[in-house]
Each structure stands twice: as C-alpha cells, then as structure tokens.
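Hello,

Here is the structure we talked about, with notes on what turned up in it. Please look it over before reading on.

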Amino acid sequence: MAGPECCSNPPTLDPSSGSGHVHKFAGLNSYLSGSPNSNRAILFVSDIFGYEAPLLRKLADKVAAAGYYVVVPDFFNGDPFDFDNVNRPLPVWIKDHAVDKGFEAAKPVIEALKNNGASAIGAAGFCWGAKAVCEFGNSRLIQAAVLLHPSFITVDDIDGVNVPIAILGAELDTITPQELIKQFEQVLTAKSGVDSYVKIFPKVPHGWTVRYDTNDPEAVKAAEEAHKILLDWFDKYLK
C-alpha cells in the first residue's frame with residue numbers, strides 16, 4: 001500500500017490550467033491536447049491527484065506539441081485525493097478508487113481513440129495509473145508504455161507486459177524503491193522480444209516528474225529529462 005510519500009508535495013489543482021481543453025471523451029471528462037486528427041495518440045493515466053494537476057497538463061501539452069493527440073481522463077469522476085481531508089486518508093480513498101478500476105475505465109477511451117482514427121496508441125501511467133498501463137501492455141491494447149514512479153506494481157505485472165515499456169524510478173522512492181525497480185529490469189531483460197528501458201533517477205523523490213518545484217533548477221532538470229525519455233520512447237514505437 002502506498003504510504004505518506006505518495007501524498008507528498010500535492011499539486012494545487014487548477015481546472016483551467018493548460019493550453020488544451022476539457023471535454024467529454026468516451027463518457028469521461030478529459031483534458032484533451034493536440035490535434036484529434038493525429039493518427040498517434042497518448043493516454044495519460046494520472047496519479048491520485050487527478051487530471052487537473054497543472055504540471056501533468058503541461059506535460060500533456062508538451063507531448064501534444066510533438067504531434068500527438070493526448071487524452072487525460074478524469075478516472076476519479078471529480079473525486080481526486082484531497083490531502084487536506086483528514087477524515088479520508090489515502091487508504092480509505094484507495095478503497096473507493098482501486099487501481100484495477102483504471103483498466104476497465106480506460107478501455108472505452110482506447111476504443112474511442114481507435115474509432116477516431118488513431119492507429120498508434122501509447123499510454124503513460126503515473127503512480128496510481130501505472131497498474132492500468134501494465135494491463136494495457138499485457139493485453140496489447142496499446143503499442144508502447146511508460147511508467148513514471150509507479151505504485152502498486154508487482155514483478156508479475158511487469159512480466160506480463162508484451163509491448164515496449166520504459167520504467168522511470170526514483171532513488172528516494174520508498175513506495176516502489178529502487179531495489180524493486182531493479183527487479184523489474186531483471187525481468188524485462190530476460191524477456192525476449194519485448195524492448196525495455198529502465199532508469200532510476202538519482203536524488204529525486206516519488207512523483208518527481210509531475211509534482212516538482214518549478215523554482216528548483218535541479219528538480220526541473222530531472223523532470224525534463226524524464227519527459228524527454230517519455231517522448232523519445234513514444235516517438236520510437238508509435239509510427
């Protein structure tokens with residue numbers, strides 16, 4: 001179970017943030033960025049703070065600017081984790097938003113992207129969202145996957161992935177510590193026919209790719225390096 005670190009440095013949610021727009025997509029309120037006419041699409045499955053996190057949307061805009069149609073659904077239906085709600089700690093919230101629900105909720109999104117003309121679809125899972133992305137990779141609903149500071153992921157989850165996958169971990173992460181990330185790497189290295197990339201970023205905590213201090217040059221540098229890896233991975237496998 002994810003601990004307090006999962007809740008650290010919570011973003012100030014802003015429903016008006018980003019250069020994209022919010023619209024219903026496959027029945028879910030979603031942040032949409034980029035051209036819907038692109039044949040390459042990326043699904044973002046957020047962390048526990050949901051789709052209104054400004055830095056998550058900023059990353060969606062960055063990926064969209066590279067030619068992708070990016071969809072960031074509200075899988076929590078207006079109920080992201082609220083760090084300030086002392087009456088509903090994370091374990092209670094998780095019971096209402098179990099990680100395995102993300103997979104079922106996202107399947108119609110992927111189907112809608114295909115119906116809209118997307119012929120190459122990737123998915124990026126942040127913390128809570130990583131479990132769903134693993135399941136997409138297992139069932140080959142997508143062509144490429146990226147996990148960023150994943151939570152709730154097991155070696156078996158990684159072993160089941162059948163598409164190219166990149167995993168970006170954090171040295172200071174106690175939720176999915178670097179020892180576990182190294183086990184993921186060993187499993188992937190042993191899998192023939194599945195390309196993989198694993199990196200443990202030094203001196204960064206859980207959540208560093210979308211919950212970083214924009215006034216800290218080192219934090220920005222680490223986040224931007226992770227963003228570049230994500231984009232390069234999708235560029236490589238989504239044609």
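How many aromatic pairs does a search of the whole structure find? The search finds nine. Please keep in mind that this is a predicted model.

One of these pairs joins Phe76 and Trp128 edge-to-face, at 4.8 Å centre to centre and 75° between the planes. Phe76 sits in the loop between β4 (69–73) and α2 (90–96), and Trp128 in the loop between β5 (120–126) and α4 (130–139), so the pair ties together parts 52 residues apart in sequence. Both residues are buried. Ring pairs also link Phe76 and Trp128 with Phe49, Phe81 and Trp93 into a cluster.

Phe103 and Phe136 have ring centres 5.5 Å apart and planes at 35°, so this pair counts as tilted. Phe103 belongs to helix α3 and Phe136 to helix α4, so parts 33 residues apart in sequence are tied together. Phe103 is buried at 10% relative accessible area, and Phe136 is buried at 0%.

On the cores: the largest nonpolar core has 46 residues, and those touching the most other members include Trp128, Phe136 and Ile158. Helix α3 (residues 101–115) gives the most to this core, six residues. A second, separate core holds 34 residues, among them Ala60, Val70, Ala124 and Phe126.

Last, the largest pocket has about 330 Å³ of space. Of its 19 lining residues, Lys203, Val204, Glu218, Ala219 and Ala222 are the closest to its centre. Helix α7 (residues 217–237) gives the most to the lining, with five residues. By class, the lining has eight nonpolar, four polar and seven charged residues.

Regards

Methods:
Residues numbered from 1 in each chain as written. Predicted model: local features only at pLDDT ≥ 70, side-chain atom pairs only at ≥ 80, totals over all residues. Heavy atoms only, no water. 1 Å grid on protein atoms, 1.4 Å probe; cavity = no way out; pocket = protein on both sides within 12 Å on 5 of 7 lines; lining within 4 Å. Points joined across faces, edges and corners; volume = space filled by probe spheres on them. Helix = DSSP H or I, 4+ residues; strand = E, 2+ residues; numbered from the N terminus. Nonpolar A, V, L, I, M, F, W, Y, C, P; charged D, E, K, R; others polar. Core = buried A, V, L, I, M, F, W, Y, C linked by side-chain atoms within 4.5 Å. Buried < 20%, exposed > 50% of the residue type's maximum accessible area, 1.4 Å probe, protein only. Phe/Tyr/Trp six-rings, centres within 6.5 Å; stacked < 30°, edge-to-face > 60°.
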